[in-house]
Amino acid sequence: MNDDAMRQVLGLLYQEDTLRVLAALVLSGTPEGAGLERDATRRALDRLERGGLAVRDDDGRWQARRERFRELLHATARPAVPVSPEEKVLQSFLVEGRLRAIPTKRDKQLVVLNYIAQVFEPGIRYPEKEVDTALRAFHDDYAALRRYLVDDGLLSRENNVYWRSGGSVDA
């Protein structure tokens, strides 16, 4: 299936007569509900059949073929981009850069804390106020985040001055 098939179906839906006949098939099960003259209905049904949107059953009655939309969707769907387990955790807990909640499960918490630790440059010392400001951007309970980062060795602290002491580093 290709772009031509998609264009064909969209073109059929754009034409008033075929749209009315398809709607009548879906809603009432009969093309006569479209309110068109017999010849116009027949021409619309022929076009719908060629486009895969209508089909005759064994008794010769017309039916809408809704599966056509699924076929087109499947044909045009892009394969899912593989996501690492860490990215899945971050997508679960971060919304527009902010934490929905601090994860309670240890492994997920470490993924999130490692992500947050990336805000701090290794080798630079930060006063507590700057650390709080940076952490507040992620969550209102910045003090808890700060405590977790220090407890897990991602930040070190001495005399209210912090520096990054752990976590992954981009090469």
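Tutor: Let's begin with Tyr115, which is partly exposed, with a relative accessible area of 36%. Buried means under 20%, exposed over 50%, and partly exposed in between (1.4 Å probe, protein chains only). Bear in mind that this is a predicted model: local features need pLDDT of at least 70, side-chain atom pairs count only at pLDDT 80 or more, and totals for chains, interfaces and linings use all residues. Residues are numbered from 1 along each chain as its sequence is written, and side-chain values use heavy atoms, with hydrogens and water left out.

Student: Which residue does Tyr115 form an aromatic pair with?
Tutor: Phe138, edge-to-face, at 6.2 Å centre to centre and 85° between the planes. Rings of Phe, Tyr and Trp (its six-membered ring) pair if their centres lie within 6.5 Å; planes under 30 degrees apart count as stacked, over 60 as edge-to-face and the rest as tilted.

Student: And is Phe138 buried or exposed?
Tutor: Phe138 counts as buried, at 10% relative accessibility.

Student: How many aromatic pairs does the structure hold?
Tutor: Two. Phe120 and Tyr126 form an edge-to-face pair too, 5.2 Å centre to centre with 75° between the planes. Phe120 is buried at 2%, and Tyr126 is buried at 12%.

Student: New topic: what does Tyr148 touch?
Tutor: Ile102, Gln109 and Leu113, leaving out residues up to four places away in sequence. Contact means heavy atoms within 4.5 Å. Tyr148 counts as partly exposed, at 27% relative accessibility.
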